[in-house]
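Subject: Handing over a structure, with notes

Dear colleague,

I am passing on the structure below, followed by some notes on what was found in it. Please keep the model open while you read, so that you can look up each residue as it is named.

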Amino acid sequence: MADENGTTPESPEGPETGAAEGTGAPAAERPKESGETKIPPEVERALRKANKEAETLRLKLKEFEDRDKTEAQKLAEGKAEAEREAATAKQELMRYRVAASKKLPAELADRLKGATEEEMAEDADRLLEVFGAQKTQTPSYDGGVRQSARPTSMNDLIRQTAGRG
């Protein structure tokens, strides 16, 4: 199992230096204790190369794990964003439903407040009380010029045309 600095507990060598822990001398130049055999330089080079490759592979593995974690985080963030958008759309739909059922003008639908349809219906009733008295007069589409009063007799028509009545 590898520790943080890239060395393994079984080998006293560092991943890149080939030196024993606590000494600055390479493994091949160290004095040998009794019972140890000298490691040939070819084997030592192969061991260093294998250690470097193992470190590279450990880094690649960590990179892949981080990439997967990032994808999982992206998916979690996307899910949270989709849930927020769905809640907002649901709330907006509820506002327009209540506004339509109460015959509230569409301009006032965005002003409805409440978490439930009942709360929004109460708010719509209050808005209708305030703004309901200000109903606009529907225009007449009969064509022609609008006059305040039509003359009822021929004499009234003559007086109105002459500007006397």
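A surface patch is made of residues with over 30% relative accessible area and no salt bridge, where like charges are joined within 9 Å and nonpolar side chains (Val, Leu, Ile, Met, Phe, Trp, Tyr) within 5 Å. The areas themselves come from the Shrake-Rupley method with a 1.4 Å probe, and for residues only the protein chains shown count as cover. A salt bridge is a side-chain nitrogen of Lys or Arg within 4 Å of a carboxyl oxygen of Asp or Glu.

Before the findings, please note that this is a predicted model, in which local features need pLDDT of at least 70 and side-chain atom pairs count only at pLDDT 80 or more, while totals for chains, interfaces and linings use all residues. Residues are numbered from 1 along each chain as its sequence is written, and side-chain values use heavy atoms, with hydrogens and water left out.

The chain has four helices and zero strands, where helices (H or I, at least four residues) and strands (E, at least two) are DSSP runs, numbered from the N terminus. Of its 165 residues, 15% count as buried, a word that stands for under 20% relative accessible area, with exposed meaning over 50% and partly exposed in between (1.4 Å probe, protein chains only).

The largest nonpolar core has 11 residues, among them Met94, Leu104, Leu112 and Leu127; such a core is a set of buried Ala, Val, Leu, Ile, Met, Phe, Trp, Tyr and Cys residues joined through side-chain atoms within 4.5 Å. Two or more residues of this core are given by each of α1, α2 (106–109) and α3, and α3 supplies the largest share, four residues.

The structure holds seven salt bridges. In one of them, the side chains of Glu44 and Arg48 meet at 2.5 Å, N to O; these two residues are four apart in helix α1 (residues 41–101), and therefore separated by about one helical turn. Glu44 counts as buried, at 6% relative accessibility. Also in α1, Glu55 and Arg58 lie three residues apart and form a salt bridge whose closest N and O atoms are 2.9 Å apart. Both partners are partly exposed, Glu55 with a relative accessible area of 22% and Arg58 with 29%.

In helix α3, Asp123 and Arg126 are likewise three residues apart, about one turn of the helix, and their salt bridge has its closest N and O atoms at 3.3 Å. Here Asp123 is buried, with a relative accessible area of 10%, whereas Arg126 is partly exposed at 47%.

Finally, Glu117, Glu118, Glu119 and Glu122 gather in a surface patch of negative charge. Glu122 lies in helix α3 (residues 117–131) and is partly exposed, with a relative accessible area of 48%.

With best wishes

Definitions and conventions. Lys and Arg count as positive and Asp and Glu as negative; His and the chain ends are not counted. The place of a charge is taken as NZ of Lys, CZ of Arg, CG of Asp or CD of Glu.
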